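Here's a quick briefing to read alongside the model. It covers a pair of packed helices and then a pocket.

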Amino acid sequence: MLEALLKFELLRNTFYTGLLVGLIAPLLGTFIVVRRQSMIADGLSHVTLAGLAFGLFMQKKYTLLMFTPFHTGIAFSIIGALIIENLRDVYKAFQEIAIPIILSMGVGLSIVFIALADGINTNIFSYLFGSVAAVSRSDLYLIITISLFVLIMIFALYQKLFALSFDEEFAKVSGIQAKLIHFIFILMTALVISASIRIVGVLLVSALMTLPVATSMRVAKSFKQTIIYSIIYGEIAVILGLISGYYFEIPPGGTIVIVSSLLLGLTLLYNKVKFKVALKKDDHYAA
Amino acid sequence: MSKPIISVKNVLHRYDQQNVLEHINFDILKGSFVGLVGPNGSGKTTLIKLILGIEKLQKGQIFAFDHPIQKFKNKGRISYVSQKSNSFNRGFPATVKEVVSMGIISNQLSKKKKYEQIIHALTQVNMEHYLNRNIGDLSGGQQQRIFIARAIVSQPELLILDEPTVGVDSENVQHFYQLLSKLNKKLGITLVLVSHDIGAITTYVTDLLCLNKSIHYHGNPGDFENMPDEQRSTLYGHQIHTITHDH
């Protein structure tokens, strides 16, 4: 793989993208999970698919090369994020309803644009399941920009995002502008999802934002640790997933999620064994 | 005579054509410990949300530290422990230190200074040894102390607590009120304690405010206690039977 990495630019770009996505997806994912919004990534990824299909359709129909499907995917994802925020405002008592609405709209539009762009082809297949050789140099630059934006924002707003995630009312009383921070947060989510799709694909992008966090929560002792361990688990999954995907010629979305699931399974098992051993040590209390 | 830090003038508030608050006029004086009591649905929470600026004022005026509430920039002068604090997600992976640090408003503080403030706030509520414990692992009473520490870490001048003893067992409730009394006397924090348990709080508060849509009594808790039951029921706006608590 190392030899191939040095030789092929597309592969190299994918690997760099993988490393960036392995960092920003679990980082943002930690906030998403503790806010109990895990499904938001699923909703937005399907809207992004509609954008990608729209881009493919436009390319085919009008040979518009200024905007690639990646760009239209990002645009749709951001619009989807804004609609979710708006719907959550309209349905205050049923905020979760925004996700199925946006998800079905995304799938509906995807079907229409995929059909218009002449059905399922290898391009769509790589968007659905990820690809080890799909990231062009300009895509990579855009993903680097997105990653920098997300890292700077999280660093600058960490305390506010944390307070809002834990106790929104207290955060508001403290003078935190909840609406603005929510908006920035959902914008970041849309951007991270569109960046991650090249690697893990539409169907599994939410896994990269939630599985490493779920694993991390079983071992971390604090919120900061949860973030750090999530990133470590995310990076391990992306690196092993990309390498195995390359060797076995499997779309990396599948291999990354399988590695993530294995890490989760092993962590749960480790916790169980640790608990049993500790209980056994206390055996002198019995009888 | 102390200065009013909060002035509420002619406030009226309505939900769906129905008045939940009307003719509300009172001052909260600096250094006082106000007990805001009233039956369920009497408008207590709405009133404090108006004072905190998280509910939009419909009619009347509220001044906080001489500023109209709409223009008041809090910056840590008023803090809050909500009714919902103890119904947070118990699985949330946060340590006591992280929870208390949420209350630090200023971004200018050094890491060391922040740490000192957190320890100081936790010491006030006797929870300094729980710094690195997970918030979800603590008992209801301990969690509520942590939320108080979070509320006082930026040294507010006014602390508002909305039914903070929900979910705290009766023995700890007494300790809890004693703690509030200490914060009021020792640190000079003005307190507003919202409660529906009039009997329990009259020993500790300096001012009693009985609310049931409008204010039915505002004054010394001792005078209120000495009134005949019937008169108190009228003032309270609701039938009451006082239960004497052992302190």
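**Helix packing and a pocket**

In this predicted model, H3(B) packs with helix H4 (residues 140-152) of chain B at an angle of about 135 degrees, and their axes lie 8 Å apart. Because of that angle, H3(B) counts as oblique to H4(B). As for handedness, H3(B) and H4(B) make a right-handed crossing.

**Where the two helices touch**

- On the H3(B) side, the contact is made by B:Ala121, B:Leu122 and B:Gln124.
- H4(B) brings B:Ile146, B:Ala149 and B:Ile152 to that contact.
- Sort the contact residues of H3(B) and H4(B) by type and you get five nonpolar, one polar and no charged.

**The second largest pocket**

- Its volume comes out at about 980 Å³.
- There are 28 residues lining the second largest pocket, and the closest to its centre are A:Tyr158, A:Gln159 and A:Lys224 from chain A, plus B:Lys111 and B:Lys114 from chain B.
- By type, the lining of the second largest pocket splits into 15 nonpolar, eight polar and five charged residues.

**Which helices line the pocket**

- From chain A, helix H7 (137-166) and helix H11 (223-248) each supply at least two residues of the lining of the second largest pocket.

Conventions
Residues are numbered from 1 along each chain as its sequence is written. Chains are lettered from A and ligands numbered from 1 in the order in which they are written. This is a predicted model: local features need pLDDT of at least 70, side-chain atom pairs count only at pLDDT 80 or more; totals for chains, interfaces and linings use all residues. Side-chain values use heavy atoms; hydrogens and water are left out. On a 1 Å grid over the protein atoms alone, a cavity is a set of points where a 1.4 Å probe fits but cannot get out, and a pocket is an open set with protein on both sides within 12 Å along at least five of seven lines; lining residues have an atom within 4 Å of a point. Grid points are joined across faces, edges and corners, and a volume is the space filled by probe spheres set on the points. Helices (H or I, at least four residues) and strands (E, at least two) are DSSP runs, numbered from the N terminus. Ala, Val, Leu, Ile, Met, Phe, Trp, Tyr, Cys and Pro count as nonpolar, Asp, Glu, Lys and Arg as charged, and the others, Gly among them, as polar. Axes are lines fitted to C-alpha atoms, for helices over the stretch in contact, and angles run from 0 to 180 degrees between N-to-C directions. Angles under 35 degrees count as roughly parallel, over 145 as roughly antiparallel, 65 to 115 as roughly perpendicular and the rest as oblique. A crossing is left-handed if the near helix is turned anticlockwise from the far one by less than a right angle, and right-handed if clockwise. Contact means heavy atoms within 4.5 Å.
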